[in-house]
Amino acid sequence: MRDGAITETTGDVKNVMSTVVSRYLMGNIAKSFLLLALVAVFLGMGIVEPRFLTFANLINIARQISIDQIIAVGMTFCMITGGFDLSVGSVGVMSGCLTAIVMLATGSVTLGIMAGLAAGTLAGLVNGLSISKLKVNALVTTLGMMVIARGIALIMTGGDVIIGLPTTFNFIGVGFVAGIPFPVVIAFVVTVIGHLVLSRTEFGLNCYAVGGNPNAAKLAGLRNERIITITYTAQGLLAAMGGIVLMARVVSAQPALMHDTNLYVIAAVVVGGTRLGGGVGTIGGTILGVILIGALFNGLNIIGVGYEWQQVVIGLIIVAAVAVDNFSRK
C-alpha cells in the first residue's frame, strides 16, 4: 500500500515537472521563434546569394522597410488595444497626394507636409471615434475608411501621377544624414518614441489593460473610449507620415501606391508577437517582424522568386507565427 502511494506520488511529481518543463520550453520556443527565423533568413539568403549580405544591400533593406516600420509602430498600439487598422495604405496615399497638391499650389513644402499630416490625423480620428463612440467594428470602420481615402486620393489627382515636386521635399525620401538614409532616421525616431510611450508611460500601460480585458479596465476607472480614439488618431498620423516619405522617395504623388501596405504591416506586427486579441505586444517585436518580412522580400527578389510566390511565403509565415503563439499559450 505504502509502495503504491509512493509510486503514485512519484508519478504526480513527474507529471507536474513535465508540465512545467513543457511550458518553459514552449514559452522559450515562442520567444525565440522570431529570432531564429531572422537568423535563418539572413544566413540562408547569404549562402544562396552572397550579394544579399553586402553592406549596400543591407542599407537598401533598411531603406525599404522604413515606411512599413513607421506605420507598424502605430499598428502595434491598435492591435494591443484589441483592434487593427486596414486603412493605413489608403490614408498614406491620400495624405501623400494632398501634400503634393498643396506644395505645388502654394510653393511651400512645410504647408504641404502639414496638410498631409493633418489629413491623416483627421482620418485616424474618424476611425477612432467610430470605433470607440459609435461602437462600429474596427474591421468595418477601417475597411470603409480604406475605400473612402483611396477614393479621395483618386478624386484629388484625377487618377494621374503628380510630378515636379520640389527637390527639397525629395530629400525626405532619398536624402542621407551622416551616411544613413533619411527615411531610416525618421523610422528610428518614431520607433524609439513608440517604445518609450508603450513601455514607460501610463498611457502605454492602459493600452495593454484595455486590450487584455476591456471590462476590467473600465471597472478600474480607465477611459477606454479615449484611449482607443487616441490610438487610432496616432495611427492615422503615422500612416500619413509613411505616405509622405514614400511620395518623396518616388519623387511623385501616385494614387495607386500602398495597396498592400496594410497586409504587410499587420503581418509584421503579428509575426513580431503582438496578439490578435489584444493585450500583448512590444515595439521591439514589431520591428523584428518588419525586418524579417523586409529581408525575406529583398532576398526573394534577388534570387529571382516571382511576386506570386513571395505572397505565398509571407502568408505561410503569418500562419506559422499565429500557430506558435496559440500553441505556447496552451
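In these legends, contact means heavy atoms within 4.5 Å of each other. The structure is a predicted model, in which local features need pLDDT of at least 70 and side-chain atom pairs count only at pLDDT 80 or more, while totals for chains, interfaces and linings use all residues. Residues are numbered from 1 along each chain as its sequence is written, and side-chain values use heavy atoms, with hydrogens and water left out.

View 1. Asn224 lies in helix 10, where helices (H or I, at least four residues) and strands (E, at least two) are DSSP runs numbered from the N terminus. With a relative accessible area of 11%, Asn224 is buried; buried means under 20% relative accessible area, exposed over 50%, and partly exposed in between, with a 1.4 Å probe and protein chains only. When neighbours within four places in sequence are left aside, Asn224 is in contact with Val210, Pro214, Ala217 and Lys218.

**View 2. Asn206 in helix 8.** Asn206 belongs to helix 8, which covers residues 202-212, and this residue counts as buried at 13% relative accessibility. Residues up to four places away in sequence not being counted, Asn206 touches Leu222 and Ile227.

**View 3. Helix 10 along its length.** Helix 10 runs over residues 224-249, and its 26 residues reach 38 Å from the first C-alpha to the last, close to the 38 Å expected at 1.5 Å a residue; the expected span is 1.5 Å times one less than the number of residues. Because 19 of its 26 residues are buried, helix 10 is largely enclosed by the rest of the structure. For the chain as a whole, 44% of the 330 residues count as buried, and the chain holds 13 helices and two strands.

**View 4. The packing of helix 2 against helix 10.** Helix 2 (residues 55-80) packs on helix 10 at an angle of about 170°, with the axes 8 Å apart; axes are lines fitted to C-alpha atoms, for helices over the stretch in contact, and angles run from 0 to 180 degrees between N-to-C directions. Helix 2 is therefore roughly antiparallel to helix 10, a term for angles over 145 degrees. By class, the contact has 13 nonpolar, six polar and two charged residues, with Ala, Val, Leu, Ile, Met, Phe, Trp, Tyr, Cys and Pro counted as nonpolar, Asp, Glu, Lys and Arg as charged, and the others, Gly among them, as polar.

View 5. Val251, in the loop between helix 10 and helix 11, has a positive phi near 55° and is partly exposed, with a relative accessible area of 36%. Pro255 is placed in the loop between helix 10 and helix 11 (261-271) and is buried, with a relative accessible area of 5%. Pro255 and Gly159 are 96 residues apart in sequence, yet their C-alpha atoms are 6.5 Å apart in space. Beyond its neighbours within four places in sequence, Pro255 has contacts that include Val93, Cys97, Arg150 and Asp160.

**View 6. Lys135 between helix 4 and helix 5.** Lys135 sits in the loop between helix 4 (109-132) and helix 5 (138-157), and its relative accessible area of 55% makes it exposed. Its phi is near 60°, a positive value in a residue other than glycine. Most residues other than glycine have a negative phi.

Terms used. Parallel < 35°, antiparallel > 145°, perpendicular 65-115°, else oblique.
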